[in-house]
Amino acid sequence: MIPSDIRLYTWVDVEEVLLRISEQGSLPEWLIWVRAYWDSLTIGICPGTQVEAEAWLRDVYDPRFRVDSEDNMINGLILLESLPEVEQILPVILEETDEDPPVPRLVPSLARHGVLVPHHQFAELPPSFTSDFPPVVAFHSFKGGVGRTTNALAFAQALIDREYRVLLVDGDMEAPGITWLLERRLPFPPVSFADLLALAHGDPSPGANNTIQLVADRLQGALIDDIYVLPSFRSTARFSSLEIRPEHLILGAKNPFILTQILAELGKTLGVDVVLVDLRAGLSELSTGLLLDPRVYRIFVTTLSGQSISGTTRLLELLGERAPSTRNTDPLPAIVISQVPDEFQSTDLLLNQEEKLLEAAKSFLGEDLQFLRVITGFADNLQVLPSMWEEVITRLHRSGIVDAVRPLLDLLPIKRSQTIEESIPTLKSQRETLRDITKKLVFAETAEAEDFLATVPLRHLASDHRRQVPITVVVGAKGAGKTYTFLQIIRRENWQTFAEDACATQVQINAFICPVLASKNLNPLALQLVGEVQKKTAQALGFDNPQNIQRIRDHIGDFCQRNSHEGQWREHWLDVIAWGVGFQTQKEGAGRALTEYLAEKQQRLLIVIDGLEDLFQNFASDETQQTSLRALLQEVPEWLGQQPGRSLGILIFVRRDMVLAGVRQNAAQMIARYEPYALKWNREEALRLFAWVTNLSKIHLDTSIEKLQEMREEELTQILIPLWGKKLGSDTSKEAASARFVIAALSDFRGQIQSRDLVRLLNLAARESVNDDRWLDRILVPKAIRAALPECSIEKIVEIELENSALKAIFTRLRGLGEEERKIPFTREQLQLSVEEMKILEDNGVAIREKDDYYMPEIFRLGLGFSLTATGRPAVMSLARRAAKQGT
């Protein structure tokens, strides 16, 4: 009889009746196989059992089965649900056969099998992975919106913290969360998961080896913080069209678990320790290729909601029914219960839900086995993730979720880091060393410093160009470190050396470095370095007499006298690049010939350019200078990027205002393209620079320079306590926390900080702390830190006025106001400024509005001579909180 909860609308319902009997083990012995489809139910039976089969079907489908004696092609009919006037039937065909029951091809799918057989025999499973393959870890959730991607990213960070190298795959082909997060950090991914699927689907080589080698090669350009990232698509505009899906690859391959095999092989080729895949939510065929592979470390994410728990328990039950193996070598699954508020973390509700999950998993875990479960809390700042990769990672660490998922590492081998012990010199000598080191670092033009901090932009630059020379524009404000970085790059003479010093690994590009333009403000020692590197590179390439920087400037000045269009300027730039390296000097067309020569000789060359502000001093109004800039920043990189083999690269250091003046159309798009390499400093990077300089000065911070790259803001704040104490006073005082105070004092109201301001404060504060004998628990004393701020502010304003004429005009007017007018808070009318002028101040982080009043950050207030109307010390922290409240 038909079960009461089934209605026979279609062949699917007819097959469901037989599936239930099969699950109970009650199929008759004469039944060999069953195929159901929209046009018929076909059953293979033993010879001579037709009458018995018809009787059995009559009983199973009572009262809807009819024997058909009129049609010789069919044996019976099943009446389907229909309207009286339109009868729907499903023909039943009985085929007598001597064949043994077929062994269905093993396909990892939660869908119905195409052929129903009595004893569920399957083909042999693939062997377990050997120890030289990285484990494949898959994050999955029955329901979307439960924090699966967030927890997967947190686990990736936990792996990185333990010094694992990771291949992170966005396997969600319908809602690619990781791909969206990477859109700004990696706007042009070299390869994607969709590419991997399509390539493997048509790869004739054994095990798709050609595909694996190609994708591994292209992934060298997608290494972000020791994570190889394989997005779902190369462009988020393409996520709606997926020609080759994971199930297509599985169905077309001899190995039903080929997807796992390819990912493991890819990870092995890359040399990673873990392959981490973020899967599509739900019972989707996009995910089952990995979910039903017993070799995969499966981590299921759920919340405490009834729908999520019920769906996850059903999923675990399905895996128990369809799980093709329970070998001892297969890893056990784990559960992450996500978004659990603090008040629910020790309640009966949590315990009851855990018991439900455990009960559902017993069918393939066994009665005595337990799975690992992890609880992660609810965090407001993770509900809507920002679009910048680095900000996402920072939020993950601040929320505590990275620490919460660390127990999942118990599934994998654990690595241990080592610490480095350093000797501790006397307090006065430490202060003197810090003073002397920072004096050399304040101005990059001295070229005395040989070390540099591998900041996030520099790590991006190095990591993204491990296999080919960069063709990149590096944007930065005055004081952001452009000239310092320029000198550090040319000092290394070879791109591979610089990239490795900037923490890149597996660098495989050997390119000579040659400076062609440099700042006019370089001191004789720095100028000597530039000239020496020019000559060494020319000699290494077999050239003589490279034209020096001044000659190149003269050539550009001569070209400015002509009425050249952008295409002609591109040729001018290419020629002076060639002349600067000593190739066909003074000859037109030398630039084009240089690329051909390098390609023929299989040589690589990287040109580095700085000092454009000295060359184009009237760029804001001079159309010729703007055309020249536009050609250099757009035409030259585009032309070089099209050259076969990419033998000639270029790094151009330029101020943001020059980009905006030169590139009139699509300037924002161009800046966004190169944003990963822009020299910007956020709070965390600023603290890292403080720690790096302190370590460089041989001051013990209980860490090594190498470990600084791994530390987050909270850790950096802690290790900097020996530098300036916990607070600007005793630890029990009500003074501001030192790290927060310094960062707030040096930041504008857009959160921007310049490296020169940071180093300058260290220098001035160290100088004033040398002879202090009161504060013996820190290097920089509170009084010295506060005393350094006015000079830092004055110098900051002088430097800004050199590059921002609009701000210079406003600052001049503000300094001309009387002392009574220069008070904070202030109104626009009080300062006699127009609406447009106030907008300029706000856009540049010089002012922030709250209701009708405006406030000014310390880095500008002190230099412009503004005072606070409230009594007491400058409310630095209060102003910083106001900026945060405004969302800037």
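User: Which residues of helix H1 are buried?

Analyst: This is a predicted model, in which local features need pLDDT of at least 70, side-chain atom pairs count only at pLDDT 80 or more, and totals for chains, interfaces and linings use all residues. Residues are numbered from 1 along each chain as its sequence is written, and side-chain values use heavy atoms, leaving out hydrogens and water. Helix H1 spans residues 11-23; helices (H or I, at least four residues) and strands (E, at least two) are DSSP runs numbered from the N terminus. Buried means under 20% relative accessible area, exposed over 50% and partly exposed in between (1.4 Å probe, protein chains only), and the buried residues of H1 are Val14, Glu15, Val17, Leu18, Ile21 and Ser22.

User: Within what arc do the buried residues of H1 fall?

Analyst: The arc is taken from the directions between the helix axis and the C-beta atoms. The buried residues of H1 line one face of the helix, because seen down its axis they fall within an arc of 145°.

User: How exposed is Lys362, and how far is its C-alpha atom from that of Glu317?

Analyst: Lys362 belongs to helix H11 (residues 348-365). Because its relative accessibility is 23%, Lys362 counts as partly exposed. Glu317 is 45 residues away along the chain, and the separation of the two C-alpha atoms is 8.4 Å.

Definitions and conventions. Expected span 1.5 Å × (residues − 1).
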